[in-house]
Amino acid sequence: MPHAQESQRCLFRTEQVRALDRSAIDEEGISGEELMERAGRGAFRYLRRRWPEVYRIFVMCGRGNNAGDGYVVARHAREAGLEVTVCAVEDPNKLCGDAKTAYRRMSRSGLDVVDFVAPKSGDCGLVVDALLGTGLRRALTGRFREAVEGINACSVPVLSLDVPSGLDANTGVV
């Protein structure tokens, strides 16, 4: 596995990321839930270092493990005393596996999820993009497209988990 500082300078293809995750689970015995917790906690730590002045964040969650990472970030932000709005583009009750566990843990922390609404610059100091991860292979449609357009129209910094939603993780093409 690459050293943490090395990974900040490297780009990984989707299959490489999946292989690293699989290796951590199969060879290192780290559960998927623990990997998600580490990813979310690490993203939150980065958020605090990069934007220490931000006290209101808007976390946009989609589906799958990327949403789970977002729910972990939201929980850690809440525990750190930040004002957090969590927006679900899809019903979080439809999540499964580790993402569902992350959502339930976040809910137990006292955070509620609001139905889809686009972030507005005056309502937050930063948006966390936890909509879609590395698996996107088609054009965005529906609420996901609206969500990305809303993020792009917002004039605050954006922290994208894995990759900015709407980009192909292998090519960088929109």
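Helices, in the sense used here, are DSSP runs of H or I with at least four residues, and they are numbered from the N terminus. Glutamate 37 belongs to one such run, helix H3. The model described here is a predicted one.

**Overall layout**

The protein contains 6 helices and 5 strands. Along the sequence these elements follow the pattern α-α-α-β-α-β-α-β-β-α-β. Of its 174 residues, 41% count as buried. Among contacts between residues at least 6 apart in sequence, 80% join residues at least 24 apart.

| Pair | Axis separation | Angle | Crossing |
|---|---|---|---|
| H3 and H4 | within 8 Å | roughly 55° | right-handed |
| H4 and H5 | within 8 Å | roughly 20° | left-handed |
| H3 and H5 | 9 Å | about 55° | right-handed |

With their axes crossing at roughly 55°, H3 and H4 are oblique to each other. On the H3 side, the residues that meet H4 are Met36, Glu37, Ala39, Gly40, Arg41, Ala43 and Phe44; their partners in H4 are Asn65, Gly68, Asp69, Val72, Val73, Arg75, His76 and Ala77. By class, the residues of this contact between H3 and H4 comprise 7 nonpolar, 4 polar and 4 charged.

For H4 and H5, the axes cross at roughly 20°. An angle under 35 degrees counts as roughly parallel, so H4 is roughly parallel to H5. In this pair, Gly64, Asn65, Gly68, Tyr71, Val72, Ala74 and Arg75 of H4 meet Ala99, Ala102, Tyr103, Arg105 and Met106 of H5. The contact of H4 with H5 has 7 nonpolar, 3 polar and 2 charged residues.

The remaining pair, H3 and H5, packs at about 55°, and these two helices are therefore oblique to each other. Gly32, Glu33, Met36 and Glu37 in H3 meet Asp98, Ala99, Thr101, Ala102 and Arg105 in H5. The residues of this contact of H3 with H5 divide into 3 nonpolar, 2 polar and 4 charged.

Is glutamate 37 buried or exposed? Its relative accessible area is 8%, and residues under 20% count as buried, so glutamate 37 is buried. Leaving aside neighbours within four places in sequence, glutamate 37 is in contact with Val72, Arg75, His76 and Arg105.

In soluble globular proteins, nonpolar side chains tend to be buried together. In this model, the largest nonpolar core has 30 residues, and those with the most contacts inside it are Ile57, Tyr71, Val84, Val86, Leu126 and Val128. Two or more residues of this core come from each of the following elements: helix H3 (32-50), strand S1 (56-61), helix H4 (64-79), strand S2 (83-88), helix H5 (97-108) and strand S4 (126-130). H4 supplies the largest share of the core, 6 residues.

Which residues does valine 128 touch, apart from those up to four places away in sequence? They are Leu47, Ile57, Phe58, Val59, Met60, Val73, Leu159 and Leu161.

Threonine 134 lies in the loop between S4 and helix H6 (142-153). With a relative accessibility of 16%, threonine 134 counts as buried. Between threonine 134 and leucine 161 there are 27 residues of separation in sequence and 9.5 Å in space, C-alpha to C-alpha.

Aspartate 162 is located in the segment after strand S5 (158-160). Although aspartate 162 is not a glycine, it has a positive phi of about 75°. Its relative accessible area is 55%; since values over 50% count as exposed, aspartate 162 is exposed.

Key: Residues are numbered from 1 along each chain as its sequence is written. This is a predicted model: local features need pLDDT of at least 70, side-chain atom pairs count only at pLDDT 80 or more; totals for chains, interfaces and linings use all residues. Side-chain values use heavy atoms; hydrogens and water are left out. A nonpolar core is a set of buried Ala, Val, Leu, Ile, Met, Phe, Trp, Tyr and Cys residues joined through side-chain atoms within 4.5 Å. Buried means under 20% relative accessible area, exposed over 50%, partly exposed in between (1.4 Å probe, protein chains only). Contact means heavy atoms within 4.5 Å. Axes are lines fitted to C-alpha atoms, for helices over the stretch in contact, and angles run from 0 to 180 degrees between N-to-C directions. Angles under 35 degrees count as roughly parallel, over 145 as roughly antiparallel, 65 to 115 as roughly perpendicular and the rest as oblique. A crossing is left-handed if the near helix is turned anticlockwise from the far one by less than a right angle, and right-handed if clockwise. Ala, Val, Leu, Ile, Met, Phe, Trp, Tyr, Cys and Pro count as nonpolar, Asp, Glu, Lys and Arg as charged, and the others, Gly among them, as polar.
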